[in-house]
Amino acid sequence: MANVATLAGKVIATGIKWGSREGAWLAEMPGRVGTTSFEGGHPPRGTIPAAALAASVIRPEHEFDPCLVALVCDDGENWLTVVMTDRAPSLLSEHEYSDAGSWKLAIKKALANASISRVYVPENSEVTVEDDNDKIVLFSQAELVAGAGIRPLRRRGRWRRLLAIGAAVAVTGSVLSLWVLFASNSNPPETATQTTPTEVTRLDVAALLRHCADALAEFWPMAPEWSLSEEGCVLDPVVPAKLGVVTDAAYAYRVYRLDRLWNTFLAGQAAMRVVNNFQGMVIQEARRVVLYSPARTERVMEDAGFRPEVEVASILERLFTGDVSIQSSRLANGALDVETSLELRVVLQQMKGVDLEPVWLRQSGAGQGTKMRVRPVQLRTERSRSSAPSPAPAS
């Protein structure tokens, strides 16, 4: 439910759900469409989205970077933040706050968040940050303006009502004149925007973990001379490179090794005959065979343009009730190498509902515990714009 307030002397609507289709009122900006509803039913005439003013403070050099803009309404009792990219609000990224403390905390979290490039804060807002933090940008709210292409909020479906009125009056015989009037004055449907909006997505971890668990539960064919030495799941196809797998997809895998007593040529021939009907991929070496089953990697829409930084260790500690130990913490992107005594199938089940990203998980063939690399959720901002039509050649 949106609220109406005043910002820089302009009547604005706060709390618009950008990218949502639930609401009686339509908000439009270049590159983004959102909807909302009001408790009173109708906002004041000429009300514009708060994000329309936030776009005006973004500097040209930051235009294509994810930037959080913090705003304080003129009454000093309403606070909000919105994440902007390409001068348009990110999907579902506009948030309201009931007090200045929560608003300032959100700003500090954004400053510490690697997904946000710049944080725009009003002058004299009493937000205390480190002196050497170069992410923060101060601006004057008195200079907020609504740029080109900004339209006041309007009711959804208005064009359908105009069409019905035009059809009714057409019975009187004024079909042609009414059609011209309708075509020149009606609003286009909300789906007629020609710009592909900015989208914030994350890896669909739950789907990949389900694929891994289902794949490892199946029968994997292998000749008896070969022993299972390792099995696991890789969600980030870049690592671990030691497997020799070259793919852009996530995958479940098993590694089989040949004992030194066996003849490599004969054992290799036997292995290839057995795995001939394997539905996945095979990497054969002299004394090692890697079988892997690729998964379709999909991304899902993120509910916010940024997320607070998380403590991976504390989340895992609560998840595994103390049965987890950190093996390495000097990794990029806040990732940790950890180990638990639980079997891989149990870990895969428990990790499905956790707001983290496992990079890889593996256990030895003997099934003695699970090792994994886990990191905070990595967001991806994607944007594309439709090209403008070429001008018609002069006649």
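In this predicted model, the buried residues of α6 pack against β15, β16 (250-258) and β17. These buried residues are A267, G268, A270 and A271. They lie on the same side of α6, because they cover an arc of only 165° around the axis. The other side of the helix carries F265, L266 and R273, which are exposed. A side-chain contact marks the start of α6. There, a side-chain oxygen of N263 comes to within 3.0 Å of the backbone nitrogen of F265.

By the ring-centre rule, the count of aromatic pairs comes to four. One of them joins W220 and F278. The pair is tilted, with 5.2 Å centre to centre and 40° between the planes. W220 belongs to the loop between α5 (205-217) and β15 (226-234), and F278 to the loop between α6 (264-274) and β17 (281-284). The two residues are 58 apart in the chain, and the pair thus links distant parts of it. Both W220 and F278 are buried.

Y251, Y253 and Y292 are linked into a cluster by ring pairs.

Phi of D86 is near 60°, a positive value in a residue other than glycine. R87 is likewise not a glycine, yet its phi is positive, about 60°. Their accessibilities place them in separate classes. D86 has 14% relative accessibility and therefore counts as buried, the cut-off being under 20%. R87 has 27% relative accessibility, so R87 counts as partly exposed.

At the level of the whole chain, the secondary structure comprises eight helices and 24 strands. The chain has 395 residues, of which 44% count as buried. Among contacts between residues at least 6 apart in sequence, 65% join residues at least 24 apart. The accessible surface of the chain comes to about 20,700 Å². Carbon and sulfur atoms account for 51% of this surface.

Definitions and conventions:
Residues are numbered from 1 along each chain as its sequence is written. This is a predicted model: local features need pLDDT of at least 70, side-chain atom pairs count only at pLDDT 80 or more; totals for chains, interfaces and linings use all residues. Side-chain values use heavy atoms; hydrogens and water are left out. Helices (H or I, at least four residues) and strands (E, at least two) are DSSP runs, numbered from the N terminus. Buried means under 20% relative accessible area, exposed over 50%, partly exposed in between (1.4 Å probe, protein chains only). Contact means heavy atoms within 4.5 Å. Accessible areas come from the Shrake-Rupley method with a 1.4 Å probe; for residues, only the protein chains shown count as cover. Rings of Phe, Tyr and Trp (its six-membered ring) pair if their centres lie within 6.5 Å; planes under 30 degrees apart count as stacked, over 60 as edge-to-face and the rest as tilted. The arc is that of the directions from the helix axis to the C-beta atoms. A polar contact is a pair of N or O atoms within 3.5 Å; within protein, one must be able to donate a hydrogen and the other to accept it, and residues adjacent in sequence count only if both atoms are side-chain atoms.
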